[in-house]
Amino acid sequence: MDLEIFLPIMGGLSDDEELFKAAAKHYASHNAPFSYVAKLQLYGLYKQATEGDLNASSSAGWAASAWGWIKSASSLSPREEAKRRSWLRCRGMSRGRAMTMYVGKVLARCAQRELDFKLDGEPEEADATADA
């Protein structure tokens, strides 16, 4: 179902960046089937692909130290902290790899939804064996 919508868009795309943009557009309009953890992973990959490594200047409320990241006086909400950690996990990853992983995760979820949809339609399989 999702793949029928998403795969034709990919057909004419040869550039990784174009494919990434198509996947991001698809995710923006179909993000409901993604789990909270998957959404966090996609957030981190998206930020890494579009902005690169998280650093002190792009992370309000956090500062780098010899021991890693420490909280400053202004603390983040739990949701913002989870998003920051997800992006931080992608640190050091190339933008191209982040784009590829993002596209892969979106496609994998679309394929899983397609498979789930077909498995729920067991009568279709029964009809196919009745015809044989």
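A pocket is an open set of grid points with protein on both sides within 12 Å along at least five of seven lines, and its lining residues have an atom within 4 Å of a point. In this predicted model, the largest pocket is lined by 13 residues. Helix H3 contributes 6 residues, the largest share of that lining.

**Largest pocket**
- The volume of the largest pocket is about 280 Å³.
- Tyr-27, Lys-39, Tyr-43, Arg-79 and Lys-83 are the lining residues nearest its centre.
- At least two lining residues come from each of helix H2 (16-29), H3 and helix H4 (78-89).
- The lining comprises 9 nonpolar, 1 polar and 3 charged residues.

**Helix H3**
- H3 covers residues 36-51, and its 16 residues reach 22 Å from first to last C-alpha, close to the 22 Å expected.
- Buried positions in H3 include Ala-38, Leu-40, Leu-42, Gly-44 and Leu-45.

**Aromatic pairs**
- There are 5 aromatic pairs in the structure.
- One of them joins Tyr-27 and Phe-34 edge-to-face, at 5.0 Å centre to centre and 75 degrees between the planes.
- Tyr-27 counts as buried because its relative accessibility is 14%, under the 20% cut-off; Phe-34, at 8%, is likewise buried.
- The ring centres of Tyr-46 and Tyr-102 lie 6.0 Å apart with planes at 55 degrees, so this pair is tilted.
- The pair links distant parts of the chain, with Tyr-46 in H3 and Tyr-102 in helix H5 (residues 95-120), 56 residues apart.
- Tyr-46 is partly exposed at 35% relative accessibility, whereas Tyr-102 is buried at 2%.
- Phe-20, Tyr-27, Phe-34, Tyr-46 and Tyr-102 make up one aromatic cluster.

Key: Residues are numbered from 1 along each chain as its sequence is written. This is a predicted model: local features need pLDDT of at least 70, side-chain atom pairs count only at pLDDT 80 or more; totals for chains, interfaces and linings use all residues. Side-chain values use heavy atoms; hydrogens and water are left out. Helices (H or I, at least four residues) and strands (E, at least two) are DSSP runs, numbered from the N terminus. The expected span of a helix is 1.5 Å times one less than its number of residues. Buried means under 20% relative accessible area, exposed over 50%, partly exposed in between (1.4 Å probe, protein chains only). On a 1 Å grid over the protein atoms alone, a cavity is a set of points where a 1.4 Å probe fits but cannot get out, and a pocket is an open set with protein on both sides within 12 Å along at least five of seven lines; lining residues have an atom within 4 Å of a point. Grid points are joined across faces, edges and corners, and a volume is the space filled by probe spheres set on the points. Ala, Val, Leu, Ile, Met, Phe, Trp, Tyr, Cys and Pro count as nonpolar, Asp, Glu, Lys and Arg as charged, and the others, Gly among them, as polar. Rings of Phe, Tyr and Trp (its six-membered ring) pair if their centres lie within 6.5 Å; planes under 30 degrees apart count as stacked, over 60 as edge-to-face and the rest as tilted.
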